[in-house]
Amino acid sequence: MLGCGDSSQAPAPTPSPPARAQPSRALDNLSDLPPAARRAFESHPEDFRPLASPGPNDWLSVHPEEPQSVGDFWLAGPNRPGADGRGTLYIQPLGVVPATDSLRAFASDYFALPVVVLPTLALSELEVRRRHNAGREQWLAPEMLGQLEQRLPADAYAMIGLTMVDLYPGEDFNFVFGYASTRNRTGVFSLARYAGEPRKANERAFKILAHETGHMFGMAHCTHYACIMNGVNHAEELDRSPLSLCPVCLRKLHRQTNFDPAARYESLLSRYREADLHDAATFAQQRLSRIEE
Ligand SMILES: [Zn+2]
Ligand SMILES: [Zn+2]
């Protein structure tokens with residue numbers, strides 16, 4: 001189970017240096033791929049930044065994590081899309097939520113799987129513990145996953161709950177943006193902390209959706225590059241992380257769905273232009289030109 005959010009309520013941990021990953025060794029053998037697909041997983045210093053040393057309140061200072069190579073990922077035996085007839089991603093609105101159309105279209109382009117938005121499930125239907133913390137009502141994320149598991153459609157590869165209520169994963173956290181299982185096909189994310197300018201709020205929603213869904217594909221947090229799969233402890237760290245997958249995490253997704261890298265960047269490029277996400281659009285354009293070189 002992996003949550004991302006503010007654990008500053010925890011007693012100050014002894015800072016220990018995070019494991020520094022070796023990106024070049026984290027990839028698997030690409031020699032079977034056609035040259036254009038292989039170029040999609042080649043790093044380029046202008047496109048991918050190394051993960052900066054974490055500040056004292058950043059995720060890796062508070063939660064030191066081991067790197068997960070593509071080989072580690074594969075050996076762990078993640079759930080496979082399409083196996084047992086489970087090939088659809090579901091978004092389950094929990095209470096009234098905005099923007100499900102754009103989130104659905106984005107997730108479908110990002111993960112190259114069909115995505116379906118389910119009818120809204122009223123919060124009053126959920127048996128989930130709550131607490132009050134710093135003036136907010138918060139819902140216990142692991143129990144929300146339990147409620148989703150009971151309602152998992154038979155053809156669901158995974159199902160992510162989307163809610164406006166604030167989430168916490170346990171008493172040692174102030175809150176989490178999202179929470180997901182790498183095994184049980186369920187995750188949840190909250191839009192409670194994204195108030196503000198709509199373009200920014202939309203970008204944050206895309207980021208958390210991509211990050212938590214990445215966990216449901218079996219990806220652990222990324223320590224190889226600045227990447228959407230980096231753990232994030234607070235909003236500033238979330239804003240700092242790119243919306244894109246680094247070469248290592250992109251390859252993990254590719255092992256799962258065997259998407260065409262150029263076609264994926266092309267559809268994301270129009271999605272990002274539509275949403276006015278300039279940096280993400282520039283990145284997609286840049287990667288396309290490297291693949292098509
Ligand atoms: Zn996470
Ligand atoms: Zn990564």
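1. Leaving aside neighbours within four places in sequence, A226 is in contact with R49, L51, S241 and P242; contact here means that the C-beta atoms of two residues, placed from the backbone, lie within 7 Å. The model is predicted: local features need pLDDT of at least 70, side-chain atom pairs count only at pLDDT 80 or more, and totals for chains, interfaces and linings use all residues. Residues are numbered from 1 along each chain as its sequence is written, while chains are lettered from A and ligands numbered from 1 in the order in which they are written.

2. A226 sits in the loop between α7 and α8 (235–240). Helices (H or I, at least four residues) and strands (E, at least two) are DSSP runs, numbered from the N terminus. L245 is 19 residues from A226 in sequence, and their C-alpha atoms are 8.6 Å apart.

3. Helix α5 (residues 100–111) has 12 residues and spans 16 Å from first C-alpha to last, close to the 16 Å expected at 1.5 Å a residue. The expected span is 1.5 Å times one less than the number of residues. After α5 comes A112, with a positive phi near 55°.

4. The buried residues of α5 are L103, F106, A107, D109, Y110 and F111. Their cover includes β2 (88–94), β3 (115–117), α7 (198–216), α9 (247–257) and α10 (261–274).

5. The axes of α5 and α7 come within 11 Å and cross at roughly 45°, and therefore α5 is oblique to α7. Axes are lines fitted to C-alpha atoms, for helices over the stretch in contact, with angles from 0 to 180 degrees between N-to-C directions. Under 35 degrees is roughly parallel, over 145 roughly antiparallel, 65 to 115 roughly perpendicular, and the rest oblique.

6. On the α5 side, the contact with α7 is made by L103, F106, A107, Y110 and F111; α7 supplies A205, F206, L209, A210 and T213. By class, this contact has nine nonpolar, one polar and no charged residues. Ala, Val, Leu, Ile, Met, Phe, Trp, Tyr, Cys and Pro count as nonpolar, Asp, Glu, Lys and Arg as charged, and the others, Gly among them, as polar.

7. R271 lies in helix α10 and is buried because it has 20 C-beta neighbours inside 10 Å. Not counting residues up to four places away in sequence, R271 touches A105, F106 and D109.

Definitions and conventions
Buried ≥ 20, exposed ≤ 12 C-beta atoms within 10 Å, placed from the backbone.
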